[in-house]
Amino acid sequence: MAMKIRLARGGSKKRPHYSIVAADSRYARDGRFAEKLGTYNPLLAKDDERRVIMDMERVQYWLSHGAQPTDRVSRFLEAAGVIEKKERANLEKAKPGKKAQERAQQKADKAAAAAEAPAEETAE
């Protein structure tokens, strides 16, 4: 059995609340799970201690038995100091495309030209 430590969604529409569970990877996201390990409430402030609550003893147990945390859960565990921080690829998806970069360059050139023109007029 390939066990995962992952999030199971609960809560109503636009009011998410997640349970951190140990489940077989073949089961549905909100389906059957072996054990509930904690909760995650994304609606609370990031510095609120009730945002992520985990039973670390049971998490350690499942990790020692080969359970793999999902990306989001591994970030929670890294913040708690349970596992070491992974090196993640810094994807360049956030960069604008070529056309947008060209438009931004043209706009910057126009702004620079406009800034230079009044400076020349006042010098005369």
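This is a predicted model: local features need pLDDT of at least 70, side-chain atom pairs count only at pLDDT 80 or more; totals for chains, interfaces and linings use all residues.
On to the overall layout. The chain has 3 helices and 5 strands, and along the sequence they follow the pattern β-β-β-β-α-β-α-α. The radius of gyration is 24 Å, well over the 14 Å that the globule rule gives for 124 residues, so the chain is more spread out than a compact globule. Along the principal axes, the C-alpha atoms fill a box of roughly 80 × 30 × 25 Å. Buried residues come to 25% of the 124 in the chain.

So which residues touch the most other members of the largest nonpolar core? They are Ile 5, Leu 7, Ile 20, Leu 37 and Trp 62, out of 15 residues in that core. At least two core residues come from each of strand 1 (3-12), strand 2 (15-24), strand 3 (35-40), helix 1 (56-64) and helix 2 (71-80). Take Ile 5: beyond its neighbours within four places in sequence, its contacts include Ile 20, Leu 37, Trp 62 and Val 73.

Strand 3 deserves a moment of its own. Strand 3 runs antiparallel to strand 2, with 5 bridges joining the two, and here Lys 36 of strand 3 has Val 21 opposite. Strand 3 is also antiparallel to strand 4 (residues 52-54), through 3 bridges; in that pairing, Gly 38 has Met 54 as its bridge partner.

Technical notes:
Residues are numbered from 1 along each chain as its sequence is written. Side-chain values use heavy atoms; hydrogens and water are left out. A nonpolar core is a set of buried Ala, Val, Leu, Ile, Met, Phe, Trp, Tyr and Cys residues joined through side-chain atoms within 4.5 Å. Buried means under 20% relative accessible area, exposed over 50%, partly exposed in between (1.4 Å probe, protein chains only). Helices (H or I, at least four residues) and strands (E, at least two) are DSSP runs, numbered from the N terminus. Contact means heavy atoms within 4.5 Å. Two strands pair if DSSP finds at least two bridges between them. The radius of gyration is taken over C-alpha atoms; the globule rule is 2.2 Å times the number of residues to the power 0.38.
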